Amino acid sequence: MHLQYEDFEKIMDIGISLSTERDRNCLLMTILEKGMEITNCDASTLYLYENGELRFKFMKTLSKGISRGLDGEPIDLPPVPMKEENVCSYAAIHREAVNIPDVYASSQFDFSGPRQYDSLTGYRTQSQLVVPLVNNENELIGVLQLINAMDEKGNVTAFNEEYDIIIRALGAIAAIELTNLSYVEALKAQIYSFVEALTTALEKRTPYNALHTRNVEKYASLLADYITELHREGKCEHTFDSERKEQLMLAALIHDIGKMVVPLSIMNKATRLDTRLEKVDDRFALLKALYEIDMLRGRITPEEYEEVIRDLESELAFIHEMDVTDYVSDGDCEHIRRLAGKQHLGEDGMALSYLTEKEAECLSIRSGTLTVKERKEMENHVVMTSKILEKVQFYKGFSMVPKWVGAHHEYLDGSGYPNGLKGDELDLETRLLTVVDIYDALVATDRPYKQPISKPRAIQILKDMAQKGKVDLQLVEWLDEALEEEMEKAQ
């Protein structure tokens, strides 16, 4: 039997398929199955070279219906030591293929293992073709052991020596692709280590934001998995394969990196006045003392003094209330404006205002704790995130991460920031990150400036935003369903 053009064509097709495979286990399984197909053999074993030993990865015997390791489960057999009396080890050590027509007639290697296996199972190991998997840098990746070649009638025969070449070619291609996959995995690991380093640094600045990052990753993963399950059921056109989800998870982890440059006085501002409240308290204590001096010096009567003290206490209580209230009304803003106009005028003509201009501005914030200027500085974290990520050379499998991250505060109606993108300009991943980012911000229990709200209320707020055209309603509904499903599983 001689090699035909079709044989070389087959190995070329296999090479192409191997070069496009991105799953390590699938690639290894393809090596084993294509080796069996090319040589028309009954059984095979694939070993990986790890820690100076050959470890069993896959085993397959067609006539016995045996398949082990195919589902990722480890094979509970001891590794093969690198000793020359073992045929697989010999092929690995010398980087050469070994063709044994009949193991029972061979004295070159120790075949006590196959003979013992045969006696226990009734199988008859006869011919073997053992091929090392060596990459273009002569690094050993593993060994492919093919067993019992069969002729056209199904009888066991020796492996055609001409197939040594084609199987070695298969092994070389496979080894190179495995090495390429290792390089890709190393690149991914490097990127993830970079992200972990930045996340750790952010955590040291403000612990709550690191928890937010992990939560966004968790909710994004939950929603992506739910969408994929809907796709399997034929209920959704979208799906997240391993690579797409991996890229989404990285985007979730890195989406707030720009907050590294936001001042902590803004990041951790718990109330409208925050640390300024202490100064207000001290000023009102001083005002009381000044009015008491005025009374003692006869500038005001005791009755007037009592009245002004009651007024000071009332105004200070109002300030404390406005500092933490959920919403400041028009009437409250007018009251704050009048209060900011009040002052004590001393004998020397020095005036002491009840509130500074900045304090009045902070107290007049309608909702939240940030002034317009502070909010712009906070929103600038998205721009800074993009600028930071521009300096990173992302592996092509993560090339979309900067785009998704830089737009996670954009809204479908164009009212978001920083670029006013809208509609189809926002990828599914961006819209997904927006929804889970808002959801966690609403339900978070560790924010210094707000109380958490319930899951149903948070979902309703998101639905209201969707009705106004800001976020994707379908994603909100899927998140709601995914969270409900998760809660049911936990019960």
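Contact here means heavy atoms within 4.5 Å. The legends below describe a predicted model.

**View 1**
E315, F318, I319 and M322 of α10 meet D332, H335, I336 and L339 of α11. By class, this contact has five nonpolar, one polar and two charged residues. Helix α10 covers residues 302-324 and helix α11 covers residues 330-341. Their axes come within 12 Å and cross at roughly 130°.

**View 2. Helices α9 and α10 run roughly antiparallel.**
Helix α9 spans residues 276-296, and its axis comes within 10 Å of the axis of α10. The two axes cross at roughly 175°, and α9 and α10 are therefore roughly antiparallel. On the α9 side, the contact is made by L277, V280, D281, F284, L287, K288, Y291, E292 and M295. On the α10 side are P302, Y305, V308, I309, L312, E313, E315, L316, I319, H320 and D323. Sorted by class, the contact of α9 with α10 has 13 nonpolar, one polar and six charged residues. Two of the α10 residues listed here, E315 and I319, are also among those that meet α11.

**View 3. Helices α16 and α17 meet in a left-handed crossing.**
The axes of α16 and α17 come within 9 Å and cross at roughly 165°. The cut-off for roughly antiparallel is over 145 degrees, so α16 and α17 fall into that class. From α16, the residues in contact are K455, I459, L462, K463, A466 and Q467. From α17, they are L473, V476, E477, L479, D480, L483 and E484. By class, this contact has seven nonpolar, one polar and five charged residues.

**View 4. The largest nonpolar core has 51 residues.**
Within this core, L432 and Y439 have the most contacts. Helices that each supply at least two residues of the core are α5 (163-205), α6 (207-232), α7 (242-254), α14 (401-406), α15 (428-443), α16 (455-467) and α17 (473-490). Leaving aside residues up to four places away in sequence, Y439 touches Y219, K455, A458, I459, L462, L479 and L483. Of these neighbours of Y439, K455, I459 and L462 in α16 also take part in the contact with α17, as do L479 and L483 on the α17 side. A second, separate core has 27 residues, including L28, M36, V131 and A174.

**View 5. T430 is a buried residue of helix α15.**
The relative accessible area of T430 is 2%. Buried means under 20%, which is why T430 is placed in that class. Apart from residues up to four places away in sequence, T430 touches K403, W404, A407 and H408.

**View 6. A cis peptide bond joins Y417 to P418.**
Omega of this bond is near 10°. P418 lies in the loop between α14 and α15.

**View 7. N51 and R95 have positive phi values although neither is a glycine.**
N51 is located in the loop between β1 (41-50) and β2 (53-61), and its phi is about 55°. With a relative accessibility of 71%, N51 counts as exposed. R95 is found in the loop between α3 (87-94) and β5 (98-100), and its phi is near 55°. R95 counts as partly exposed, at 29% relative accessibility.

**View 8. I75 is a buried loop residue.**
The loop that holds I75 runs between β3 (66-68) and β4 (80-81). I75 has a relative accessible area of 11%. Not counting residues up to four places away in sequence, I75 touches F56, K57, F58, M59, R68 and G69. I75 and Q145 are 70 residues apart in sequence, and their C-alpha atoms are 16 Å apart in space.

Terms used
Residues are numbered from 1 along each chain as its sequence is written. This is a predicted model: local features need pLDDT of at least 70, side-chain atom pairs count only at pLDDT 80 or more; totals for chains, interfaces and linings use all residues. Side-chain values use heavy atoms; hydrogens and water are left out. Axes are lines fitted to C-alpha atoms, for helices over the stretch in contact, and angles run from 0 to 180 degrees between N-to-C directions. Helices (H or I, at least four residues) and strands (E, at least two) are DSSP runs, numbered from the N terminus. Ala, Val, Leu, Ile, Met, Phe, Trp, Tyr, Cys and Pro count as nonpolar, Asp, Glu, Lys and Arg as charged, and the others, Gly among them, as polar. A nonpolar core is a set of buried Ala, Val, Leu, Ile, Met, Phe, Trp, Tyr and Cys residues joined through side-chain atoms within 4.5 Å. Buried means under 20% relative accessible area, exposed over 50%, partly exposed in between (1.4 Å probe, protein chains only). Angles under 35 degrees count as roughly parallel, over 145 as roughly antiparallel, 65 to 115 as roughly perpendicular and the rest as oblique. A crossing is left-handed if the near helix is turned anticlockwise from the far one by less than a right angle, and right-handed if clockwise.
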